[in-house]
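Reader: I would like to learn how to read the features of a protein model. Please take them one at a time.

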Amino acid sequence: MLGLMQDWPLLCHRIIDHAAIQHGARPVVTRSVEGPIHTTNYADIRKRALKVAQRLDRDGIKLGDRVATLAWNTWRHLECWYGILGIGAIYHTVNPRLFAEQICWIVNHAEDRMMFVDLTFLPILEKHAHGLKTIERYVVLTDAAHMPKTTLKNAVAYEEWIAEADGDFAWKSFDENTAAGMCYTSGTTGNPKGVLYSHRSNVLHAFMASLPDAKGIAARDVVLPVVPLFHANCWSLAFSTPLTGASLILPGAKLDGPSIYELLDTYKVTFTAGVPTVWLALLQELEKTGAKLPHLKRIVIGGSASPRAMTQKFQDSYGVEVIHAWGMTEMSPLGSLCTMKPEYAALTGEAKLDIQMKQGHPPFGVEMKITDDKGKNLPWDGKTFGRLKVRGPAVARRYFKDDSEILDQEGFFDTGDVATMDPHGYMQITDRSKDVIKSGGEWISSIDLENLAVGHPKVAEAAVIGVQHPKWDERPLLVVVLKKDQRASKDEILAFMQGKIAKWWMPDDVAFVEEIPHTATGKILKTELRERFKDYRLPVQ
Ligand code: AMP
């Protein structure tokens, strides 16, 4: 017997409808790419998104077509998302930090028909446009006054393009399982893989993300997504902010410390989210100027592990609660957030920080398990680590144009991360499965060693890789970048680590380098490091 409730498909554009009706006047403020601050609201965003939809429809963009965006977080970019969604086309966010060749590969693979592009990226695009085979038209996200001369095919200024539509248009209706958005994984090995979100998965994920023990956003909040729309579906903020009716502050192209501080302060931002690198820049700015953060209440730090010192600084010096979060493009992307369950709520000081070093617990809609290499479940004791696998309505089941099976027999997706689970359901990442060092049949966490090494006052950045060893298979090599004008010996670094980890975890050697390579999303590029050190000879003990 079926239930007798209404059929109301979970379509993403219903979120902007709700925001326009219930929270229509709420401000959406952007530092525009052209420079000045621009202010609009949800009601106008919806009106203009309808024009985008109408105009796309007139240009022949159909259900299932891919439309690329190469753009910063701005009100125009948001209008594009909802306009594309509203006719059943698919927004495809392209990460401008990728190499031009990767961008070409991704756009061709996705067969994007149109591209919305910010002024910032015109020069690089013009150079490589001949490699973008499927794009029929470029819409430059600016007005006629700022539109430069460009060689891009059928290029038009966004404001002129939507001015040709009157907005007298109704969203299209279709099944909630229709594809909505697309984002390619950064892919440290092989070609990038396309993750294809559905309307249903995005809407359910936005609900999940907004829960009190997740991001806990309310209409009273002022939200600044520093995480770009092109990074893993913007951690849901393009959906969960209008869904809850919070005000939205968009940073445009300027993500440096002073610019972010200015927005936080001027607009009394209460909630923000981004990767550790941007927060490092903000903390440096605060230290330099002595400024405070009286309005900011919560900050989500994810994408890579939040360093203990960063969490502590935000909380102790600025009174901002840190929510450590973990996720991945394949998970829409949120997997877990480190908010306090009653079991941990009373903790303070170092004991609280110990828990906050964990990546947290999954909200309803994400199931987790840890297994050994053979797929056997491992205990949730906070110590045993294994492959982290996940299941849920906003987790990928396949990649775009790829038939490979990516789920196990129980329907779980292997995240490629290695983690522990504690008895209260808190997950802690110990490594990427391809980065753990397999020494004599046991696993050594490269991340634990890195975290320890960066605690040394002279160390700016550290990476640990496994190097071939005749007896133990692999042993850890610590690669270190020293802070500016600092000198240190290998023994000095090792002595600092001694006694803080098991003896057999101690790196066999330390290599000092000028720079550690990173991916386009700021993660350490271990493949390149391993290549660089593949003939490295460890000292004989
Ligand atoms: P991406 O799909 O590019 O967002 O990358 C996802 C990967 O980033 C995860 O599988 C993790 O390896 C890593 N990651 C994300 N958040 C965290 C975190 N809080 N701590 C450690 N690693 C993280």
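Author: Begin with the ligand: strand E14 (residues 321-327) contributes the most to the shell around it, with four residues. Helices (H or I, at least four residues) and strands (E, at least two) are DSSP runs, numbered from the N terminus. This is a predicted model, in which local features need pLDDT of at least 70 and side-chain atom pairs count only at pLDDT 80 or more, while totals for chains, interfaces and linings use all residues. Residues are numbered from 1 along each chain as its sequence is written, and side-chain values use heavy atoms, with hydrogens and water left out.

Reader: How many residues surround the ligand, and which are the closest?

Author: A residue is near a molecule or strand if one of its heavy atoms lies within 4 Å of it. Here 15 residues surround the ligand, and the closest are Ala 325, Thr 329, Gln 359, Asp 417 and Arg 432. By class the shell has four nonpolar, eight polar and three charged residues. Ala, Val, Leu, Ile, Met, Phe, Trp, Tyr, Cys and Pro count as nonpolar, Asp, Glu, Lys and Arg as charged, and the others, Gly among them, as polar.

Reader: Which side-chain atom lies 2.7 Å from an oxygen atom of the ligand?

Author: A polar contact is a pair of N or O atoms within 3.5 Å; within protein, one must be able to donate a hydrogen and the other to accept it, and residues adjacent in sequence count only if both atoms are side-chain atoms. A polar side-chain atom of Thr 329 lies 2.7 Å from a ligand oxygen. In the side chain of Asp 417, an N or O atom is 2.7 Å from an oxygen atom of the ligand. Gly 303 uses its backbone: an N or O atom there lies 3.1 Å from a ligand nitrogen. Taken alone the ligand exposes 500 Å², and the protein buries 92% of that. Such accessible areas come from the Shrake-Rupley method with a 1.4 Å probe; for residues, only the protein chains shown count as cover.

Reader: How many cavities of 30 Å³ or more does a search of the whole structure find?

Author: Rolling a probe the size of a water molecule over the atoms shows where empty space is left. On a 1 Å grid over the protein atoms alone, a cavity is a set of points where a 1.4 Å probe fits but cannot get out, and a pocket is an open set with protein on both sides within 12 Å along at least five of seven lines; lining residues have an atom within 4 Å of a point. Grid points are joined across faces, edges and corners, and a volume is the space filled by probe spheres set on the points. The search finds three cavities of 30 Å³ or more. The largest cavity holds about 70 Å³, and its lining has seven nonpolar, one polar and no charged residues.

Reader: Where is Pro 333 found?

Author: Most residues other than glycine have a negative phi, and most peptide bonds are trans. The peptide bond from Ser 332 to Pro 333 is cis, with omega near 10°. Pro 333 is in the loop between E14 and strand E15 (334-337).
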